[in-house]
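Colleague: I am new to this structure. Please take me through one part in detail, the salt bridges.

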Amino acid sequence: MEQSDLVSQKDALRREMRMHIKSFCADSQNRMKASADADRAFLTSEVYQNAETVLLFVPLPDEVNTSYIIETALADGKRVAVPCTYGEGQMDFYYLDGNRPVSGQLTAGSYGIFEPEKTAEKVDTLQFPPHAAIAVPGLAFSKDGNRLGRGKGYYDTYVRRIKNEELNQPPALVAVCFSLQVLESVPHNNFDLRLTHIADDSGFFVCG
């Protein structure tokens with residue numbers, strides 16, 4: 001497929017998914033219940049249970065509310081990190097302090113997304129922690145593990161930076177999303193990250 005055709009397909013699907021998600025989230029009860037079910041699917045999974053470190057996104061109003069996952073993971077004694085963006089398509093994750101309220105460690109940053117203090121400890125991508133899982137946001141996901149993000153490339157770039165003794169990506173890349181975002185196929189190329197699992201309001205699935 002020509003690159004221009006792929007870009008056009010991605011842009012068209014982004015517009016379509018934004019419309020569907022906006023309509024779904026317009027009913028706050030829809031978002032609240034679906035978020036709770038997706039959170040539960042993630043938290044009861046073996047991926048979460050086996051993870052020592054969990055990298056989580058701080059949600060936008062049209063995303064699964066991951067606040068409960070963040071609080072639960074900290075209470076479970078796991079190391080929890082959230083992202084801070086900078087530059088063009090660049091971001092790093094910073095660890096939260098489990099002994100302090102989460103709200104006091106976040107301030108509004110780019111695009112109105114709440115971000116961590118840059119004085120906190122940064123996750124080292126060259127010595128990425130073992131037994132880690134990354135919760136990945138996006139607009140659309142496919143059952144075979146492809147993802148359509150918002151077009152900035154933050155997660156694709158971050159995962160490529162990760163170096164591990166045995167793997168070049170963490171053991172688990174989990175889409176945490178609404179079931180309406182899971183499609184049969186999503187336009188992609190070899191530079192797009194591949195998911196290992198999906199957690200949505202209908203359950204937890206292995207991609208493949």
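Modeller: Start with helix α2, residues 28-43, which holds both Asp37 and Lys33. They sit 4 residues apart, about one turn of the helix. Helices here are DSSP runs of H or I, at least four residues, and strands are runs of E, at least two, numbered from the N terminus. An α-helix has 3.6 residues a turn, so residues three or four places apart point the same way.

The side chains of Asp37 and Lys33 form a salt bridge, 2.9 Å from N to O. The term means a side-chain nitrogen of Lys or Arg within 4 Å of a carboxyl oxygen of Asp or Glu. Lys33, Asp37 and Arg40 are joined in a network of such bridges. Asp37 counts as buried, at 18% relative accessibility. Lys33 counts as exposed, at 54%. Buried is under 20% relative accessible area, exposed over 50%, partly exposed in between (1.4 Å probe, protein chains only).

This is a predicted model: local features need pLDDT of at least 70, side-chain atom pairs pLDDT 80 or more, while totals for chains, interfaces and linings use all residues. Residues are numbered from 1 along each chain as its sequence is written, and side-chain values use heavy atoms, without hydrogens or water.

Now look beyond the helix. Glu121 bridges to Arg79, with the closest N and O atoms 2.9 Å apart. This pair links distant parts of the chain: Glu121 is in the loop between β5 (114-116) and β6, Arg79 in strand β2, 42 residues apart. Glu121 is partly exposed at 47%, and Arg79 is partly exposed at 38%.

By this rule, the count is 12 salt bridges.
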